[in-house]
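The structure is shown below.

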Amino acid sequence: MARVSRPLALVVTALALAFTGCAPVATAPTAGPTAGATALTGDITVYAAASLTATFTDLAEAFETENPGTTVALNFAGSSDLVTQIIEGAPADVFASADTANMARLTDAGLGEGDPVDFATNTLEIAVPPGNPAGITDLAGLAGPGVKLVVCAPEVPCGRATAAVASAAGLTLTPVSEESSVTDVLGKVTSGEADAGLVYVTDVTAAGAAVAGVEFEESAGAANTYPIVAVRDSASATVAQAFVEFVGGPAGAPVLRAAGFGAP
């Protein structure tokens, strides 16, 4: 084998060290969801179903924290009212509905940017005042004599779900009032104006000790799917789409599940 002289060996060693110093060094990726991407900036207004009030308030705050250049304003109401407002020109950037029917109204009007993303499901539960003074134990009990029942109006997602479970059970419900949002139904129960109200599981959870919940097996037959979409021609389209992905992705899932929403 050829023997490398000492001076040449020193040169080879020096060159090897020089090239080693030029080699790229692996580094840990920068933390944060927007690492390597342009920081989001802009303000958006999110129109969301009333049953999303608590969860979307938390999610909006988390989104703003991760994207300091953004601001998320929230407008909560019944899905049917919200979609009507958007169709009539209300300045919404994102729409989150408590059912697919009202989302279809938006997309059929050509106002959705891309395809809606299903991000949660929800089912009905009977809300009663603490102590359940009317003794409601099941769905049939809501049709009992003298029971002051409050439900959502038929055009509201929770109202359609109510009609579906009542029809499937062969019941005729005679509510004392029909409300434009599920939060209004809950308000009637917590104020003592009603013996019972049909709301979502998530509303009973969010109300805490203010109400008691009565589960009923028929609720599984009328689960609502919640979709979300960016609204066309948003002035902050990139932020709007990012919020849609935030809600429908790994960041939104644990918040929604903790509130009682099911997976889509």
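## The open sheet

In this predicted model, five strands form an open sheet in the order β2-β1-β3-β10-β4, with mixed pairing. Pairing requires that DSSP find at least two bridges between two strands; strands (E, at least two residues) and helices (H or I, at least four) are DSSP runs numbered from the N terminus. The edges are formed by β2 (69-77) and β4 (112-122), each of which pairs on one side only. From one strand to the next, the twist averages 20°.

Strand β1 (residues 41-49) pairs with β3 (residues 94-96) in the parallel sense, over three bridges. Tyr 47 stands opposite Phe 95 in β3.

## Helices on the sheet

Helix α3 (residues 79-87) packs on the sheet and touches β1, β2, β3 and β10 (224-231); contact means heavy atoms within 4.5 Å. The direction of α3 makes about 135° with that of β1. Angles run from 0 to 180 degrees between N-to-C directions, with axes fitted to C-alpha atoms, for helices over the stretch in contact.

Helix α4 (residues 100-108) also packs on the sheet, touching β3, β4 and β10. Its direction makes about 25° with that of β10.

## The chain as a whole

The protein chain contains nine helices and ten strands. Of its 264 residues, 41% count as buried (under 20% relative accessible area, 1.4 Å probe, protein chains only).

## Basis of the values

Residues are numbered from 1 along each chain as its sequence is written. Local features need pLDDT of at least 70, side-chain atom pairs count only at pLDDT 80 or more, and totals for chains, interfaces and linings use all residues, while side-chain values use heavy atoms, leaving out hydrogens and water.

Notes. Buried means under 20% relative accessible area, exposed over 50%, partly exposed in between (1.4 Å probe, protein chains only).
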